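Thanks for coming, everyone. Let me put the model up on the screen, and then we'll walk through it together.

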Amino acid sequence: MYGAGEVQVEDVPDAHRIEPTDALVRVAYAAICGSDLWPYKSMPHDDTGRRMGHEFIGVVEAVGDEVRTVKAGDLVVSPFLWSDGTCVFCRAGLHSACLHGGRYGWDDVDGGQGEAVRVPQADGTLVVLPVEQDDALMPSLLTLSDVMGTGHHAAVVAQVSPGETTAVVGDGAVGLCGVIAATRLGAEQIILLGSNPERTALGRKFGATDVVAERGDAAVERVRELTDGLGVHSVLECVGLEQAVVTALEIARPGGAVGRVGIPENETAPTGIAFWKNVTLGGGPAPVRAYIEELLPDVLEGQIEPGLVFDRTGPLDEVPDGYRAMNDRETIKFLIEL
Ligand SMILES: [Zn+2]
């Protein structure tokens, strides 16, 4: 990406191992993320450009001398961040704060929207998938690299509990996966706030019991009507825009919790609303690596089907148009098949 709206597919030097803890992975499937649309909308032009992509499944081609848990030939999924799995934060399940971790596409690490990636800290990062590369579950397995784990994180932070009420703000891929997560954790009522009819229909399929298409004050009013005037126990904020954060806090009931995973538009939060209702406001970059082992069996057994958020598949050449289509909201999420 060279700037807002400027995405090109180019030849770059081949990915290669550098550290003994690295794996070299040939990418089989990758995805465009909603968070990739932030620079797509706003990045100032840069002649050097930026490698893009952080969600992928691939086959290990080679590993360094210190790698123990993956080997050449393994089919693996990577979380959207790499992490060692051993530091104090990884052991606490917060791999997104790993002391020796980092991001794809930066600091000599390739982006996932390409043919191959050097994966640092391979032992801590990669998870071997017990299926073949052409398995029909690939789209759902690919969501474990980001959107399904991120939706789950929002649900965990929002303290979704069996029999209680939940609202999900946002009908993008993460919000829809948040509906799956809330359903999975036993929420009784799941109110999806979103205005796109096709997306909210998918949300209902995933378990949403109510859809609120209104925005702002009208949405807050509607959620109150649906909850006997009380608001909901748990809110998953999956957008990040200031208005969405305000709505999330407004619809939480006193003593409730908001789990935010939308990348914040503003550094400040309207915490006054939360204070006067004793609402817990938490969340941040999801430690999706921590959740893969928990979510993987449900995908393998067909209990959840988050791969339905992919509504377009194409080769690497179509990636620039995939960005455009997602940015124009023609496409929920684009799956790249290499
Ligand atoms: Zn760590």
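Start with me at valine 235. Setting aside neighbours within four places in sequence, valine 235 is in contact with Ala158, Ala167, Val169, Ala248, Ile251, Ala252, Gly256 and Val258. Bear in mind that this is a predicted model.

Now, what does valine 235 belong to? It is in the largest nonpolar core, which has 103 residues. Val235 is among those with the most contacts inside that core, along with Ala23, Ile57, Val76, Val168 and Val169. Which helix gives the most to this core? That is helix 6, residues 173-184, with eight residues. The core also draws on both domains: at least three residues come from each of domain 1 and domain 2. As background, nonpolar side chains in soluble globular proteins tend to be buried together.

Let's step back to the whole chain. The secondary structure comes to 12 helices and 15 strands. The radius of gyration is 20 Å, close to the 20 Å that the globule rule gives for 338 residues, so the protein is as compact as a globular protein of that length. Along its principal axes, the C-alpha trace spans about 60 × 40 × 35 Å. Buried residues make up 51% of the 338. And take the contacts between residues at least 6 apart in sequence: 68% of them join residues at least 24 apart.

Next, the domains. Domain 1 takes in 23-146 + 287-337, and domain 2 is 148-283. Their C-alpha centres lie 25 Å apart. How many residues are in contact between them? On the domain 1 side there are 20, and on the domain 2 side 16. Helix 11, residues 288-300, gives the most to the domain 1 side, with five residues. That side of domain 1 divides into 13 nonpolar residues, three polar and four charged.

One last stop: leucine 129. It lies in the loop between strand 7 (127-128) and helix 4 (138-142). Is leucine 129 buried or exposed? It has 21 C-beta neighbours inside 10 Å, and the cut-off for buried is 20 or more, so leucine 129 counts as buried. Leaving out residues up to four places away in sequence, leucine 129 touches Ile57, Leu75, Val76, Val77 and Leu141. Finally, leucine 129 and proline 297 are 168 residues apart along the chain, and their C-alpha atoms are separated by 11 Å.

That's the tour.

Technical notes. Residues are numbered from 1 along each chain as its sequence is written. This is a predicted model: local features need pLDDT of at least 70, side-chain atom pairs count only at pLDDT 80 or more; totals for chains, interfaces and linings use all residues. A nonpolar core is a set of buried Ala, Val, Leu, Ile, Met, Phe, Trp, Tyr and Cys residues joined through C-beta atoms within 7 Å. A residue is buried if 20 or more other C-beta atoms lie within 10 Å of its own, exposed if 12 or fewer, and partly exposed in between; C-beta atoms are placed from the backbone. Helices (H or I, at least four residues) and strands (E, at least two) are DSSP runs, numbered from the N terminus. Domain bounds come from an automatic or database domain assignment. Two residues are in contact if their C-beta atoms, placed from the backbone, lie within 7 Å. The radius of gyration is taken over C-alpha atoms; the globule rule is 2.2 Å times the number of residues to the power 0.38. Ala, Val, Leu, Ile, Met, Phe, Trp, Tyr, Cys and Pro count as nonpolar, Asp, Glu, Lys and Arg as charged, and the others, Gly among them, as polar.
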